[in-house]
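Visitor: I am new to this structure and would like to be walked through it slowly. Could we start as soon as it is on display?

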Amino acid sequence: MIDAVVQWLLAALAAPQIGLSSVFVISFLSATLLPLGSEPAVFAVIKANMTLFWPAILVATAGNTLGGIVNYWMGVGAKQVFAREKQTRWFGWLQRFGAKTMLLAWLPGIGDPLCLLAGWLKLPFWPCVLYMAIGKFLRYVTISWLLLHVPDGVWQYLIHLF
């Protein structure tokens, strides 16, 4: 029974009208300060329908980058609302390296606050968006490519294990 449910879910996620919009929403939300991961959704869509590899990567990159942009603007707003905070090592590091630090926006636990701090420091918006998108795109391509090379037997074992 569970195999049928998993197969149905994968088929539903692979449908372009459902799968790609789900990937976008999940990728967007996971780039905000919410503790979500978008890689499983991206991989599920790609694994269920290989023709969606590049569309899923691009949609996930767009959603995740837009989520990073929301964090950036939250940082701009936070600076206006809160009193000047004590300068920390993070602030100095971001000021020193500038928008290029947004290449690290893909890192779990660190990337989202980096986007927020970039907005706080009012680093140049468009260069930040460009570097965010590059880092996030490379993450999705790399993780999806690696996961696709895991033998199907491993996935079947994990499904039966859980």
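**A pocket and a helix**

Visitor: Which residues lie nearest the centre of the second largest pocket?
Guide: A pocket here is an open set of points on a 1 Å grid over the protein atoms alone, where a 1.4 Å probe fits and protein lies on both sides within 12 Å along at least five of seven lines, and lining residues have an atom within 4 Å of a point. This is a predicted model, in which local features need pLDDT of at least 70, side-chain atom pairs count only at pLDDT 80 or more, and totals for chains, interfaces and linings use all residues. Residues are numbered from 1 along each chain as its sequence is written, and side-chain values use heavy atoms, with hydrogens and water left out. The second largest pocket is lined by 19 residues, and those nearest its centre are Ser-30, Leu-36, Trp-106, Pro-108 and Arg-139.

Visitor: Which helix supplies the largest share of that lining?
Guide: Helices are DSSP runs of H or I with at least four residues, numbered from the N terminus. H2 (16–31), H6 and H7 (125–148) each supply at least two residues of the lining of the second largest pocket. The largest share, 3 residues, comes from H6.

Visitor: How many residues of H6 are buried?
Guide: Buried means under 20% relative accessible area, with a 1.4 Å probe and protein chains only. Among the buried residues of H6 are Asp-112, Cys-115 and Trp-120. Helix H6 covers residues 111–120 and is mostly covered, the buried count being 8 of its 10 residues.

Visitor: What share of the whole protein chain counts as buried?
Guide: The secondary structure of the protein chain comes to 8 helices and 0 strands. Of its 162 residues, the share that counts as buried is 37%.

Note on methods: Buried means under 20% relative accessible area, exposed over 50%, partly exposed in between (1.4 Å probe, protein chains only).
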